[in-house]
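Please keep the sequence and the model in view while reading.

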Amino acid sequence: MFITKNKIIQTKKIPTEFICREFCAVCPLFSGRSRKINKNIEMNYPWVTVKGTPIKLPTASYRILCALLAANGSILSREKLLEYAWGDSKKAVANNVNVAISELRLILKGSGIEIITERKAGYFLVIKKEA
């Protein structure tokens with residue numbers, strides 16, 4: 001689900017026309033209210049609390065995590081994540097995504113949320129069922 005100023009869009013995939021810079025101000029993950037993802041993860045921009053430990057994420061990393069959550073298990077390409085997190089910044093390069101994904105994997109380790117690489121396609125997020 002994507003919330004824009006004008007409408008709510010129900011979708012399992014991130015529409016091409018929606019990138020973070022266009023709707024993050026009204027996105028529920030940037031609302032200023034805390035959102036529990038599972039029993040180990042809570043998000044409240046720019047903080048992600050993992051197993052009770054608050055970690056302040058850079059905006060781009062937070063946006064990548066949001067994108068992967070919003071994609072609901074669908075694969076997002078490196079290019080889409082780059083656009084989603086950094087917009088049309090001339091300073092952003094594909095390696096920025098690699099670094100952010102690596103950092104997120106370390107932060108999320110053991111939380112029940114895993115970022116999976118689909119070779120030559122992109123990344124997707126798996127939220128493991130709680131026991």
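Which side chain meets that of glutamate 42 in a salt bridge? The partner is lysine 36, with an N to O distance of 3.9 Å. A salt bridge here is a side-chain nitrogen of Lys or Arg within 4 Å of a carboxyl oxygen of Asp or Glu, and the structure holds 3 of them.

This is a predicted model, in which local features need pLDDT of at least 70 and side-chain atom pairs count only at pLDDT 80 or more, while totals for chains, interfaces and linings use all residues. Residues are numbered from 1 along each chain as its sequence is written, and side-chain values use heavy atoms, with hydrogens and water left out.

**Glutamate 42 and lysine 36**
- Glutamate 42 counts as partly exposed because its relative accessibility is 30%; the classes are buried under 20% relative accessible area, exposed over 50%, and partly exposed in between, with a 1.4 Å probe and protein chains only.
- Lysine 36 counts as exposed, at 54% relative accessibility.

**Lysine 80 and glutamate 83**
- A salt bridge joins lysine 80 to glutamate 83, and their closest N and O atoms are 3.1 Å apart.
- Both residues belong to helix 3 (residues 78-86), where they are 3 residues apart, about one turn of the helix; helices (H or I, at least four residues) and strands (E, at least two) are DSSP runs, numbered from the N terminus.
- Lysine 80 is buried, with a relative accessible area of 13%, whereas glutamate 83 is partly exposed at 31% relative accessibility.

**Lysine 128 and glutamate 114**
- Lysine 128 and glutamate 114 form a salt bridge whose closest N and O atoms lie 3.2 Å apart.
- Glutamate 114 is in strand 7 (residues 113-118) and lysine 128 is in the segment after strand 8 (122-127), so the pair ties together parts that are 14 residues apart in sequence.
- Each residue is partly exposed: lysine 128 has a relative accessible area of 46%, and glutamate 114 has one of 33%.

**Helix 2**
- Helix 2 (residues 59-70) contains 12 residues and reaches 16 Å from its first C-alpha to its last, close to the 16 Å expected at 1.5 Å a residue; the expected span is 1.5 Å times one less than the number of residues.
- This helix is mostly covered, as 10 of its 12 residues are buried.
- Among the buried residues of helix 2 are Tyr62, Arg63, Cys66 and Leu69.
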